[in-house]
Amino acid sequence: MSDSLSWSAAWRIARRDLNARFKGLRLLLLCLFLGTGALAAIGTLTAAIESELAGRGQELLGGDLQVEVWQRDLNTKELRALTALGTVSGGTRMQAMASSDSSAGNAAAPVELKAVDPKWPLYGTLTLADGRQVGAPPAGSAWLAQGAMDRLGIKPGDSFAIGGKVLRAAGVIANEPDRLSEGFQLGPTVIVPEGFPAAAGLVAPGAMYQSKYRLALPARRDPAAVQASLEKQFPDAGFSYRTRDRASPGADRFVSRMGQFLTLVGLAALVIAGIGIGGGVSSYLEARRTSIATLKVLGASSRDIARIYALQIGAAALLGSMAGLLAGFVATPLLAAAMSGLLPVETGFVFQPAALAIAALYGLLVALVFAATPLLRARRFPAMALMRARVAPLSRDGQALAWVLGGMAAIIALALLTAKQPMLSGGFLLGALAALGLLGALGWAIRWLAAKIPRPANPLLRSALANLHRPGAATGALVTALGFGLSAFVLLAAIQTSIANNIERRVPQQAPNYFVLDIPRDRVATFEKLVQAKDPGARYRTVPALRGKILAYGPKDAMTRVASLKDIPEGAWALRGERGLTYSDAVPQGNRLTAGAWWGPSYQGPAQVSVDQDFARAIGLKLGDYLTIGLLGVERTAKVTSFRQIDWETMGFNYVLVFSPNAISDAPHNMAATIDLPAGAPTGPLLRAMVREFPSSSVIEVGQVLKQAQALLGQVGTATFAAASVAVLAGLAVLIGAIAAARAVRTYDTVVLRVLGASRRQVLLMQLAEYALLAAILALVALALGTGLAWLVVVKLFTFDWLPDWGAIFGVLALGLLFVLTFALAGSLPLLRAKPAQALRAL
């Protein structure tokens, strides 16, 4: 074989030597299957969601641009400005109480009232359960969500009342085109004609309602440019805007954060899988060592060897990647189903060629990087060195390092070019590379330390310690594989328990039964008597309720206008849109003064405001600064005289801004209240009484809201658990592969020990001691790596509190360690049953 083999000849040899069931390369297949499948499913799902949000932005929003304002309608000038821009559809959103006299008795239910004009919807179609496609309901009629029908005990054609006005249930809503843009629901939807809220007395001065106007702009008209023009024309009108490319900012933020998390999971699975690939290829080539040496003896060149085994490994890598792509494609509908209700994504199969191509490219690059070292080592060394590799291990191959670094650079470049968050993906891969280096250094340190420390008197411990640093020891590979594999266990436990604890903590166990809005100020005493009459044990609290928008803040002579900010500061969420406002003579319940002084009762001096300390810190507000709000189209300025700490975990009234009464009490407004009933008290009588006595007031049933919040957070937890499980599966595969590879290398040692008289029990105990020493050290490494990555996911991506259950984390880590030891011992049993003479001949 003086000339190099052609690729076709090399493939014939490779194909004959390649087992039809890929024996010896199954770990490579499994690892690539998991890593590529994870990235394929994640990329496909994320691309499908983004495509849905971008392609259906007009339908989801109900227009190209939305203008929203609280507690008032647009004036003539404002409406004329909108009409000049395009087709306008306006309406009202508010909470209300619906009641019915059904065959099951009197019923009352809080609902989300949506009044629309005849032009609604500008985009999309409202579909009813009976298949009809309709627009705004006729006068005297309403479209109801199924939940509202069930709560009221009515069916299509029956009558019910809102605000004392009777309506006919004309149909059940099956698909509401702009539902996602309406945000979190506080009750089932009831859609009514445009003029109904005014006719029912629900939009009197001071009432809590939103006016929403959607615009259908001419083709090629940029909604962002239109928004900028309106902001310049009406800077202090208190408008909130939303464009079609941000039809649901909450969904956009969730997609971004979930996409970041899923990308990290996919890359983590692929990096962990890469370690398994390196171990799998090393084991495979070790098993083919004599075949390689024989080929070299027969005249095969190093290039021939590289071609033959590169083709074998490439075929296995291609098969594993293709299987992973297929699995990712099939798994996408399952992930979409898990997120149904959270995001606008179809639950059927979605084909995204770019996402699949990127996943395949990642998989093949990772296979190249981690397979290069063992492949080049087998190619380079002469036949006699390969024959003696069992007793005289091969030296390092510097050429392989260049391939590995080049492949790593290609992977990082691919991440930077294709990722939606290039800095996040690139940073993660650099971190993974640093972790690999750290574990490699730790493996070297363990070997060095094992060689330096005094030898134990116990022969089993002495042999176990020697196995860590002897020539050819697999300590470095085991440290890397076990470190990443156990880290995956810790990662999953930390993420899952933190999210579960956040759900338990953020959704209070104790909360008022009802929030009541729009109680007329002159009827507060009547409201209190009504609650006491229906349930003497009920507790209630009433506060003034207004809505306004922060327009400016800072020193009196150098105030910062919110409209001039390019970006809202981190944590300054109260600057976005209108917020609840109130006034009080005393520090509100559940608040604690942290700086400044409170105005006293009957205060009549200059207007003052108390600000939440976290919000004040976010915008750099200091005591003595001023704050300007827009309230019903009028600017009001107050001096910041105190900061408060708010207990946001209570479901009571929590206001970022609390004013002195003389600052805003003259504005038209109503009262709001919370009602807390004794445990087990019936809620129906009180609801029905409030509907009769306060038809224009609205009630929010807190229990239903909490259930909805728990369900949504539960879906987030399920989705993160399912995604992170991929990394755990990859970690399991790597653990198994690393132990299996170490077992193959240890065959010679085990046989020699048996020949020298060691019993099976002694060999098992020696291996148990060796793995126990490694596991004890790597448990600490896994704890640091796993919890560090989990902290980034929980705190930085999902902005949850870091609330892991350390008992559960340590328990999962202990299970991982038990798995390692059990599998290590179980893998040694076949070697102990082998006859020494037969095993030696096979070496």
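This briefing describes the overall make-up of one protein chain and then two of its local regions.

The structure is a predicted model, in which local features need pLDDT of at least 70 and side-chain atom pairs count only at pLDDT 80 or more, while totals for chains, interfaces and linings use all residues. Residues are numbered from 1 along each chain as its sequence is written, and side-chain values use heavy atoms, with hydrogens and water left out.

**The chain as a whole**

- The chain has 25 helices and 22 strands, taken as DSSP runs (helices: H or I, at least four residues; strands: E, at least two) numbered from the N terminus.
- Of the 843 residues in the chain, 52% are buried, a term for under 20% relative accessible area, with exposed meaning over 50% and partly exposed in between (1.4 Å probe, protein chains only).
- Contacts (heavy atoms within 4.5 Å) between residues at least 6 apart in sequence join residues at least 24 apart in 81% of cases.

**Residue E78**

- E78 lies in helix α4 (residues 76–83).
- E78 counts as buried because its relative accessibility is 5%.
- Leaving aside residues up to four places away in sequence, E78 touches R72, F234, A237 and F239.

**Helix α9**

- In helix α9 (residues 289–297), the buried residues are R289, I292, A293, L295 and K296.
- Seen down the axis of α9, these buried residues fall within an arc of 160°, so they line one face of the helix; the arc is that of the directions from the helix axis to the C-beta atoms.
- G299 follows α9 and has a positive phi, near 110°.
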